[in-house]
Each structure stands twice: as structure tokens, then as C-alpha cells.
Amino acid sequence: SCSSASKQSGSIALPTDARIMASVCGIGTAARYGRSAEIASKTSPIVRTDLSTYLTKIGDTAFVNVVLDTRGKTVGAARIDADISFLPGTVIVPNPTGPNPPVFTISSGVVHMSIANATGFTGVVNIMTIKVTSRTAGSGLMFVYALDISGIDGSSLTGQTQSTRVPVVFR
């Protein structure tokens, strides 16, 4: 459950190399995730979404872009999973397009994505868009996991790469 401090509005000061990835509390009994701030370094890669709000109106579609933010590293290959737990609702994974579309499969609510490029990826790389819609109130989480991240020289960046989670609430 949420503490009274987490229900207050306001701002907090963070170090310049920090970023809050997700925070949800007190939206009703279906969405009690508690306070969750994940602090990410400016210099380590992170897999995340670009979802700007966790709240979506019933009947609307949330477009969740899964991105790899390399944060100054050159990534040669990545294996990323998006584990989706949205109930009730529908998850749609359209075929990705672009210069380096991922190879992907879906099994048991998990989207498995793999990308590779001999010259590497830098900056913020949009890997895939996942659409989520619901006709009834409900909530869920999307966990985005960095399973295997490699530099162009074959070195492992997996231990340096941060995975994230993002809530999605329909009401």
C-alpha cells in the first residue's frame, strides 16, 4: 500500500545523471504498485519505453515504443524481452518497419526482440511499437528486460544495461 508521503504532489531533486523511469501510487485498488523510482546512469545503456503517461482512457490505445538508449555506447546486438501483464485488454504487435527492424516472436504474453548491426547502434533506437487497448477499467505492467546486449567488438554490455518496468492503467 502507499504511504501518505507518496500521495502528496510536488517535486524532488535528483542528481544530474538520474532519471525517474516509473512511479505510480494511489490510483485505486487495481493499481497499487507503490512508489517505484528507478535511477539510471547517463553513461550506461537502458532499455525502456517512451510512454509519457501511465494513464489511458478506456477504449483508447496506448502506443508503447520499446527503445534502447545506448547512452554513448555503441551496441552491436541486443536481445530484449517485453513481458506484458495487461488484464483485461488486448495487446497488438504490428510488424516493425524501418532500417533495422527487429526479428521478433511472441509467446505467453512475452515479445522477444533481437536486433543487430555490424556498424552498431548509437543514441535512442526505437525497436518496436506495442499497442495496448482495453474496453474496461484495469491495469497492468510492462517489464522491459535487457537479456543480452553486446558491443560491436563482441564485449558484453548486459551487466551495465538497465531494464525497466512501466505501468499502464485504463480508467
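The model is a predicted one. The protein contains 10 strands and zero helices. Of its 171 residues, 43% count as buried. A network of salt bridges links Arg 48, Asp 69 and Arg 71.

**Overall make-up**

- Read from the N terminus, the order of elements is β-β-β-β-β-β-β-β-β-β.
- Among contacts with a separation of 6 or more, 74% come from residues 24 or more positions apart.
- The protein has an accessible surface of about 9000 Å², and carbon and sulfur atoms account for 51% of this surface.

**The four-stranded sheet**

- An open sheet is built from four strands in the order E1-E3-E8-E5, with antiparallel pairing.
- The edges are held by strand E1 (46–49) and strand E5 (90–92); each has a single partner strand, so one side of each lacks a neighbour in the sheet.
- On average, neighbouring strands of this sheet are turned by 25° against each other, direction ignored.
- Strand E3 (residues 61–69) and strand E8 (residues 124–133) run antiparallel and are joined by nine bridges.
- Within this pairing, Ala 62 has Val 132 of E8 as its bridge partner.
- In general, the strands of a sheet pair through backbone hydrogen bonds, in either a parallel or an antiparallel manner.

**Salt bridges around Asp 69**

- The protein has three salt bridges in total.
- One of them joins Asp 69 to Arg 48, with the closest N and O atoms 3.6 Å apart.
- This pair connects distant parts of the chain, since Asp 69 lies in strand E3 and Arg 48 in strand E1, 21 residues apart.
- Asp 69 counts as buried because its relative accessibility of 11% is under the 20% cut-off.
- Arg 48, with a relative accessibility of 8%, likewise counts as buried.
- Asp 69 also forms a salt bridge with Arg 71, at 3.3 Å from N to O.
- Arg 71 is buried, as is Asp 69.

**The salt bridge between Arg 79 and Asp 81**

- The side chains of Arg 79 and Asp 81 form a salt bridge with an N to O distance of 2.6 Å.
- Arg 79 has a relative accessible area of 27% and is therefore partly exposed, as this value lies between the cut-offs of 20% and 50%.
- Asp 81 is buried, its relative accessible area being 9%.
- In general, side chains of opposite charge can pair when their charged atoms come close.

Technical notes
Residues numbered from 1 in each chain as written. Predicted model: local features only at pLDDT ≥ 70, side-chain atom pairs only at ≥ 80, totals over all residues. Heavy atoms only, no water. Helix = DSSP H or I, 4+ residues; strand = E, 2+ residues; numbered from the N terminus. Buried < 20%, exposed > 50% of the residue type's maximum accessible area, 1.4 Å probe, protein only. Contact = heavy atoms within 4.5 Å. Areas by Shrake-Rupley, 256 points an atom, 1.4 Å probe, with all protein chains shown as cover. Pairing = 2+ DSSP bridges. Axes fitted to C-alpha atoms, helices over the stretch in contact; angles between N-to-C directions. Salt bridge = Lys/Arg side-chain N within 4 Å of Asp/Glu carboxyl O.
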